[in-house]
Structure formats: C-alpha cells, structure tokens
Amino acid sequence: MIARNRHRKTVVVIGNGMVGHRFCERMVEYDVERTHEIVAFCEEPRAAYDRVNLSKYFEHREAEPLKLACPSWYADKEITLHIGERATAIDRGKRLVVSSTGREIEYDVVVLATGSSPFVPAIPGLERKGVFVYRTIEDLEGILAHAGRASSAAVIGGGLLGLEAAKAVRELGLETHVVEFAPRLMPRQVDEAGARTLLEKIEAMNVRVHLGKSTREILGEDEVRGLSFEGGGGLDVDMVVISAGIRPRDELARACGLEIGRRGGVVVDDAMRTSDPDIFAIGEVAAHREMVYGLVAPGYAMAEVAAANLLGDSSLFPGFDLSTKLKLMGVDVASFGDPFTESDGARALTFHDPFGGVYRKLIFNAEGTRLLGGMLVGDASDYGTLLSLCRSEEPLPIPPGDLVAPGRGTAPGACSMGDAQVCSCNNVGERRLRATIRERKLTTLAAVKDDTKAGTGCGGCLPRVAELLKEELQAAGAKVDNRLCEHFAYSRQELYEIAMIKGIRTFGDLIASHGSGQGCEVCKPAVASILATIWNENILDPAHATLQDTNDRFLANIQRGGLYSVVPRIPGGEITPERLIVLGEVARKYGLYTKITGGQRIDLFGAPVHLLPEIWSELIAAGFESGHAYGKAVRTVKSCVGSTWCRFGVQDSVGFAIRVELRYRGLRAPHKLKGGVSGCIRECAEAQSKDFGLIATEKGYNLYVCGNGGTRPRHADLLAADLDEETALRYLDRFLMYYIRTADRLTRTSAWLEKMEGGIEYLREVVVNDRLGIADELERQMQGLVDSYQCEWKAVVDNPEKRRFFRQFANTDVASTGVEFVEERGQKHPAGWPSDFVPVEQMGLQPPTDKAKRPPEPEDRTSWVYVGKVGDFPLDGGRAIRHGDAEIAVFRFDSRGEWYASQNTCPHRSEAILARGILGDQQGIPKVACPMHKKTFSLESGECLSGDSLRVNVFPVRVEGDDVYVELPPAKERQDRARATHLCSLACV
C-alpha cells in the first residue's frame, strides 16, 4: 500500500482521457506551491490522446500525432501516471483506491474522470468477427485490420459519433451504410428540413442512409455477413460498426455507494463534488443537474472548476450552453441558443439553397430585436458571430433579414458587437484571441495555440484562428515574408501566375522584370519547373539547361562517386520478358548495379555521366523511355494485377495504371508525384499512401489524394467515389494542375493539403464541384502538357549539340570515375566515403593507362593553360576540364559577364562534381552550389557560404577571342593547396 504524503495532499485521478488530462494541466498551473501530489490511473496502453479527432488516426495510422502529452510530461510535472492500469475499487472507509494490479493508494481526494463507454444494444450476433465499436485507438486498429478483407460496412447509429465512424469507413474504400433508428439524422441539432439537407449531402457521397430502421440481428456464422431489420429487410455487409451513443462509466461510483443520477452518471453539485465531499466527478461520468454532457468543452470547464475548488478558490459550474459547431462527413452542422423554441411570439426566418446544400434557420423574438437560436447546415462560417449575437443582451445591430443568408453574419454591423466565439472546445472568443496576439506579440499559429489553447480541441476553428493572426499581424505592420529567395520578392504561386499571364518563357526575362541579381540554387530550379509546366519546352534547351539541379540537367539521379542511376519507365509495373532481358544485358554490359525499386521499376546504378546517352540509346531502341526518376515530376503509378489475374480483382488496375502513368509522364511539379491503382479493397498497390491513388470498386474507382510515405507518412483522403475512368482522369487533371499552380516549392501534396484552409472539403469543392470556376481551364492546361510530351532521353540521343555536354571533360575525350568499388552479394558499389586524408591525385581521378591520350603534363611553374572554346561551356553553367591528373571546374557566368574556375572536388565529401553545380549569387557574391549536398562556395574567395569551415581553391580565367584559359599553379603547389583544403574539411566533419 502506498501511504499518503503527510506534507502534501494526495489527489488520485481515475481516468486519463482528455478531461482527466485537462484537470492535471490545471492543477499544475494553479498549484504553484505544490501543495498536492497527483497520482493518475490510465487504463489504456498510452497516455491521454485527442479522442475528438480520433478519425485522424487513419491518416497516419500512428497514435503519435494524437497524443496530448507524453509520459515524460507527467514525470516533469511530478505527476505519477500508471499507464495500462485500471482503478477497480474505491474504499471510502479506508480512503483507498485499488487498481487492477493490486496497487493500493491512500487518498485525500479522488477525481473521477472515467468518461463514458459505447452503448451497445443487445442485438443477437454481437460476438461475430467483424463487429466493432468506435471509441479507442485499439478499436480503430481492429477496424483497419478487418477492412482489408471486407468490401462493405454498416454503421449502426446516425448521430455525431455514427457519422464520424461512417466517414472513416467510407475513406477506407468500403461501401458504407448508416442505419438509424430515428426518422431523421441529428434530431437534437436540426429540424426535419435541416436533416433532409444533411441527408442529401451525405448520400451524395455514396453513403446509403437507412432511417427508421431497428437492427434485429447481425447475420453470419463465424464472421459478419449482413444485418436483418425488424419488420423485414436487411443489408449484405462484411463489417458492422456500432456507434449508437454513450453511457457514463459510473460503475466505480455505484460500487462505493455514491449517488447516481436517474439516467446514469455520478451526481455532482456546482463545485463538481459528489455525495462524498472528498470525491469529485468531471466530464462524461458526471451528472450535473440531471444532465450528462457528451462534449469535451463542458468537460474542460468542469476540470477547471474542480481544480480551482481543490485549491481553495470558489468556482462554480453553472451548466453549459450546448451550442455547437460540428463537421459531419465534411458537412458543417451547427446549432446555438434554443433552435426549437416555441416561446410566445418567436418567429423564424429560413434560408434553403438546394443546389448548394445549405439550410439555415434563425429564430428571433416577436420584435426582431433578439436572436434566440438557430441551426445551420452546409455553411456555418458565421457561427461564431451568430452565437455572440444570441448571447448578447443588446438589441440586434442589423435587421433579422440581413443575418439569414450565408456569410451575412460576418457583415460589419453584425461583427461590431459582442465577442464572437472562435473556439468552442476551450471557450475562446475573438476579443481574447486578438488581445493575446497583440499583447504577447505572437507571430505563429503554433504560439497562438499554445498560449490560448484555441484550436487544440477538435481543430475546426484553426482556419479562423489563422485568419485572426494574419489580420493582427497586418494591423501591426508586420509582414509575413513568403518571398521565394533574395532574388524574388514573390512566392512560387505568384511567380507562376506572373509567368503565365505575361507570357514569360525564360529565367533571364523573369529575373530582369520581376527580380534582382543572378539567381541561386533555390530560385533557378523552382522557376525552371514553373516554365516547364506552362510551356513544356525541353529542359535542356540552352535557356533552361543550367537552371536545373544536376539530376534534371543530366536526366538521371546523382549517386555516390558522382555517378548516376538510370531508371527507365515501366508503366504500371508491367514488363515483357524481352524488355526484362534488355535491362539485364545493358546492366551487364556497362557494369551497373541493379535493384528493383518500391515503385515497381528497375534501377541501374553506377553510370558515369559520359556514358548516359549511350545507355539511353540502347534502352530507347528496345522501346523504353525516360522514367523521370530524376525530376520533381510524376514518377510512377504502381499497380496490383487486378482483374487480369487476381481472384479478388474487380477492375483492370494494371490497364488503368498504365493509362494514368502514360497520361501524366514527365509532368513537372513543386515536388515529386507518385500514384497507385489497386484492383480491389485489399489495396495491394498501396494507393492510399500516394499523392494520388485509385481503388477499384464494383462501380468504378474511388479517388484518393494527398497521401505519402517517407519520414512523415500520411494516409490519403477520399476525394470522390465510384468514378468511371474518364471522370477519374478529369478530376486528376484538375487536382494535379491546381496543386502545380498553388503549392510552394518542394511541398508534397500532403503538406499542401494540410496547409490549405478548409482541407479536403475545400479541395473537393474546387476539383469536383468547380467552386472557383477554373475546371475547364485546368483541364485544357493539362491536355496541352499531355499533347506536347517528349522523351527527354531521346531528345539528347538525337541531338549532337545536347549530347556533347555529357562529355566528362570539355578539353578531352578521356574519362575516368576515380571511384573505388567494393563487391558485395555479386554486385559492385562505391566504397565508403573516406574518413582520412586522400592525395589530390585520387580526389578527382586516376591517371589513364594510355599515356598517349593524356593531356599535357603541367609545367613546374604557374602558367595559363588553354582549356577550350567559349562554346564548350554552357551559358551560366560550368564544365570540368582535365590538366594532367587534376580536374578543374570552369564556369561561364554569362549573366555577370564573368568567368571563374575552381577545383572540381567538393571538400565536403571529396566528390569531383562542382562543375555540375548551379551558379548564382548571394548578396552580390558569385557562388556555386555543390550538386551533392548543396554546399555553396564563393567563386571569388573559395570560402563556404553555407556556414561550414570548408573552402575550395579558385583560379583566374581569361578569354581571348573564342579561347578560354585558366591560370594554374605548379602541380606540387596545387597538391599542397588541395591537401590543406582537404584537412580543413576533415576538421569540419
């Protein structure tokens, strides 16, 4: 038994849900002298998490993003938290709490925060596999596991939780049914007309709603096979989710003799004390004035009242306004005040837009001077202002008729009075938010959330919180800088619109008209991508070639040793035996390492830059083309075998995947794009982890968008369901072009959606419902890109002028990698990066064996060395030259009218690749960015501009007519300087 602390009162908190956690937070905040010791029991296997946003678990399939605090937070606050341990008894006589492990803790005060449990009707068949409730992360894990072998599901219950469960099931790709006993949806929030509007919106999402139905039995033998209804009829489904309401978890209170309410729940007074003054109850377990609240906001208020009273402050809970704003399956539903009042003289105004799916009903007093209540379906954007007007004792500032249409509640007259509620979960109003932002000088959304708690509940108010932050920053004269880099005072989106509207086709024209300086490794690739998606000119045309990162400039992925990997396109992952043999023969001929990629392609590693056109030529002759694995572009569309071979397949996923991939091949974007097509709900192509994915149904395909794997995996969101192939492609055209036009540079679709106000619902309005009226334009633009596609490899192979820039050196045909290989598992790969000194001769290349082909040995004195013609060097780019055993990078900086030279070896990893870097300037200083790890070096001093203690040797360049010369020191001096540079880099590492 753990005895009470005689110097501090022991408070035992039973339950670690959202309300229990909020109580702990408030005790830590209020108890500044640490007069109380807190012990908390958490029966779940993890500490408190955000149950309001439980469905977001499906986005990442990890509990981490939902957590409210980690165990270390409790330890730091000196709170003892017993995770995975349930309190099983309260002995009021001995003042003990007993746990499931037999632990006994003496208490001074107990706080019951046990919450509620799902109400499960006594339906025969509950024991069958495939029956779930919707309450905890473990419940969702079970639903996910079973969904892989199900094609349809029924949710029993059409209330808030039921519709939330239906949304989750639908987004798993299952045919979804909602079974509701009542004759309409959400009867406590909306009237019959509002419920009808809600029903129409939900059924438009291909969710079947069955009203006035009582489930008689869950059918099946071992697993669920269907439902039967009282009075006849039923459904054929493979899974059942029960979400028919909640019941207070008051069993501990009953067992220890506390007073229980008539409809359950532990009876509490206004101070949150139960019939035992040393036991408090908060949240869904508490029955206050015969009311059990099922929302988090009143639970939070109760937690604050209980904490204050424990510490001697007189605080009372007067009850809670049940006004609430919800988003049910993406549909706004809100009610406030008394939306069903029948008081004398009450008069109602209604607004119904059947085309837009909006219904609003506002109730006023007889004189029209007071707003008594209302309900909003489909558009609740001005809920906060209407709620403020309803709560105000002042006469309405504008006529009732000016409030009833959507958006009118945000009119100046309406906004001029009251304190519009912004966050109902934490009861935060607009006035407080604005004042806090100003007084605390907050500049980020994260800081506002942390300081005010607004947006930390359901998250539905975050767009409004962000809007208020932006307004306050602008009012204070602060400007949010979204410029692309120091050379452009515009965002990527703004530059896109400028280039498109003004018909700008080159980087030089854009920076001359809307920028400054010579550009850099940030803006050049970004603008190159913009121009490619507007005009689709070949990226290796002279005006564009040196804007590209090395991967795009050489149409292959740079790898260790400055070598490249070659990835030909294999649409949908389908390949003939003949083409498979060609890949093997090419790999064997050129000594390439081979590996199958996660995108169902074959990667050939270890190609030197000068052999790339030769390798591509052989692949093109066999029918291959560029796979664009090197670009921020559409890469692969993965598929399963679908109905072609699989016994479960319902559509030809391979054929459709090939069609999708060939349509969007080569499409440039702010970031790489990956797709997938699965032939059934079993999802073998992992389409829901892709930027765009299609999952076959009996009626067509469900289209998912904005998922990704990687370091921050995100589950894709359902955009539209049961689409035929033509409609799916039309929506994909719109989605991809809208992303390309509006996303920031290097922003994946997942991050783009997370930043978008309105989220997937807004995106659906734009793409599916053409809210912005730009659908035709987006489709035309995409078709233009599709029609102008060309294989970038073939453009090099067929063009001698482009092909010559793939020679390793500008001044000799001799080539060498200088890379040390090791053999492992029957293939070779580069040895590890050196960790100690490497002589300069080995830092760039090894001398060729045929001395007759070697360039002249340098003299033992400083000399001007001829390195080539002006035309041997690309506009605003560099090429390597070879002098003896040394490699020198020579840069033709046309936009400055200047030439520079440096060692070709980057001191960071001793790779001879600097000549392939992007040229630019930093505050007027000319620089080159290493293509391997983006270290930047001054071309004047050789100093590293990225903040590292690295440097490169630089050399003078002069041009006489058409001839280019570099002044080089004697070989020994050059080696000494290179050795010093390398030792400096080792010290830095």
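Author: Contact here means heavy atoms within 4.5 Å. The model is predicted, and the account below should be read accordingly.

By that criterion, and leaving aside residues up to four places away in sequence, D250 touches I260, G264, G265, V266 and V285. D250 is found in the loop between β17 (246-248) and α7 (251-255). Its relative accessible area is 6%, so D250 is buried, the limit for that term being under 20%.

D552 counts as buried because its relative accessibility is 10%. The side chains of D552 and R668 are joined by a polar contact of 2.9 Å.

The aromatic residues come next. A pair of aromatic rings is described by the distance of the centres and the angle of the planes. The count comes to 18 aromatic pairs. One of them is formed by W73 and Y74: the ring centres are 4.9 Å apart and the planes stand at 90°, so the pair is edge-to-face. W73 counts as partly exposed, at 21% relative accessibility, whereas Y74 counts as buried, at 0%. F336 and Y383 also form an edge-to-face pair, with 6.4 Å from centre to centre and 65° between the planes. This pair links distant parts of the chain, since F336 belongs to strand β22 (residues 331-337) and Y383 to helix α9 (residues 383-391), 47 residues apart. Both partners count as buried: F336 has a relative accessibility of 1%, and Y383 has 4%.

Two arginines are placed over aromatic rings. The charged end of R505 sits over the ring of W535, 4.3 Å from its centre. The charged end of R896 sits over the ring of F893, 5.7 Å from its centre.

One aromatic cluster is made up of F554, Y564, W616, W793 and F806. Of these, W616 is a buried residue of helix α19 (residues 612-621), as are L612, P613, I615, L619 and I620. Seen down the axis of α19, the buried residues fall within an arc of 155°, so they line one face of the helix. They pack against β29 (564-566), α18 (577-590), β31 (602-607), α26 (792-797) and α27 (800-803). Just after α19, G623 takes a positive phi of about 100°.

In soluble globular proteins, nonpolar side chains tend to be buried together. The largest nonpolar core of this model has 64 residues, and F488, F735 and L763 have the most contacts inside it. Helix α22 (residues 725-742) supplies the largest share of this core, ten residues. F735 touches L763, and also D691, F692, V705, C706, T749, W752 and V767, not counting residues up to four places away in sequence. A second, separate core has 54 residues, including F554, Y564, I602 and F806. F554, Y564 and F806 are also members of the aromatic cluster described above.

Notes: Residues numbered from 1 in each chain as written. Predicted model: local features only at pLDDT ≥ 70, side-chain atom pairs only at ≥ 80, totals over all residues. Heavy atoms only, no water. Buried < 20%, exposed > 50% of the residue type's maximum accessible area, 1.4 Å probe, protein only. Helix = DSSP H or I, 4+ residues; strand = E, 2+ residues; numbered from the N terminus. Arc of directions from axis to C-beta. Polar contact = N/O pair within 3.5 Å; in protein donor to acceptor, adjacent residues only side chain to side chain. Phe/Tyr/Trp six-rings, centres within 6.5 Å; stacked < 30°, edge-to-face > 60°. Lys NZ or Arg CZ within 6 Å of the ring centre and 35° of its normal. Core = buried A, V, L, I, M, F, W, Y, C linked by side-chain atoms within 4.5 Å.
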